[in-house]
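Let's take a friendly walk through this structure together. Keep the 3D view open as you read, and look for each part as it is named.

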Amino acid sequence: MPSAASHVILAVDDSASMRQMVRYTLESAGYSVVQAADGVEALELARTRSVDLVLTDVNMPRMDGLTLVRELRALETYKFTPMLVLTTESGQEMKQRGKQAGATGWIVKPFHPDQLLATIAKLI
Amino acid sequence: MCTSAESMVVRDEAREPAPSDWTPEQQIAHMLELCEAQMESALAESDEAVNALIRSFTGLAEATRELRSSIAALPPHLREPVESRLNDSLAAIQDDMTSAVVAFQFYDKLTQRLGHVRYSLTSLAMFVCNREQANAREQWQRLFTALRRLYRTQEEREIFELMMQGVAAPEVPAAAGQDHDAAAAARAGEVELF
């Protein structure tokens, strides 16, 4: 079974402090983390290197998280990659939109590190 | 303020308003702008403080990681007598850092919500400057609908609904009650896999 260290996670959030918290949590568990501040940057990154899981916020400038998920799903290499949405949005309607866009799951901020890691461990 | 359709702010006039320029709408817009400026200033100050805290947090995380590696690299005769005690201390630090990760996210959420309040104030300042618009009931309805669309969290939406039902602002926390807090706490970290 591959270890966490061999897995790369793309964390996307326009808040620098959120990116920092996600990075700390994931790196503490041994994952490698690449970061992007919005959907456009994330999409560029994902095209130039492969990642094992995407963790994205929804409301971001330039390109929102649901559009990012949709764009990534359209790429052959990301058809089956787990994509988690991490957001303050907790409404069913938004979750439904996330599901339709191709997200694998939905996590409401603020996340608890243990819960986030347990969820990721189920997926990769 | 209300002298331009593009912008509410005419600072020179604000310093020395000509008597003919004085309108209640202009004063309301000015007051809203003052609230916005105060909020902006307080947020900028808090951001600096929180960024400093995050830097400290990152430094602490790095130091903890190094300490863990150093303990692991010690020869057994030095490591074994202290290992258990040091690991307990490191675990306690780790627990505190986990709590900090959650706490920092609440600040992020606060910033987001205050950003919505700030946008609402700006929208209202522009809105009241147009007297015809401000006198039309359906235009107010449109404004409220537009502002509601801003909200991202369930808490914001609940407060909006309570206010629309006529609950006075100071009574909103009590009206939302413990259920509101409990529901918000339950939603935090909620995970749903599709």
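## Where two strands meet

Start with A:Gly105: its bridge partner in S1(B) is B:Leu193. This pair belongs to a place where strands from the two chains run side by side: S5(A) pairs with strand S1 of chain B, residues 191–193. The pairing is antiparallel and has three bridges. Keep in mind that you are looking at a predicted model.

## The contact between the chains

How many residues does each chain bring to the contact? Chain A provides 27 residues, while chain B provides 24 residues. On the side of chain A that touches chain B, four elements each supply at least two residues: helix H1 (16–28), helix H4 (92–101), strand S5 (105–108) and helix H5 (113–123). The largest share comes from H1(A), with six residues.

Ten of its residues are nonpolar, 13 are polar and four are charged.

## A look at chain B

Now turn to chain B by itself. Chain B contains seven helices and one strand. If you follow the sequence, the order reads α-α-α-α-α-α-α-β, and that strand at the end of the pattern is the partner of S5(A) described above.

Chain B is also split into two domains: domain 1 covers 24–150 and domain 2 covers 153–185.

How much of chain B is buried? Of its 194 residues, 10% count as buried. Among the contacts in chain B with a separation of 6 or more, 58% join residues 24 or more positions apart.

## How confident is the prediction?

For the model, the scores are ipTM 0.84 and pTM 0.78. Chain B has an average pLDDT of 83, and 84% of its residues score at least 70.

Where in chain B is confidence lowest, and where is it highest? The lowest mean, 49, belongs to helix H1 of chain B (residues 11–15), and the highest, 92, to helix H5 of chain B (residues 137–150). Look with care at residues 4–13 of chain B, where the pLDDT is below 50. Even so, the model gives this stretch 14 contacts beyond near neighbours in sequence.

Notes:
Residues numbered from 1 in each chain as written. Chains lettered and ligands numbered in written order. Predicted model: local features only at pLDDT ≥ 70, side-chain atom pairs only at ≥ 80, totals over all residues. Contact = placed C-beta atoms within 7 Å. Nonpolar A, V, L, I, M, F, W, Y, C, P; charged D, E, K, R; others polar. Pairing = 2+ DSSP bridges. Domains from an automatic or database assignment. Buried ≥ 20, exposed ≤ 12 C-beta atoms within 10 Å, placed from the backbone. pLDDT = per-residue confidence, 0-100.
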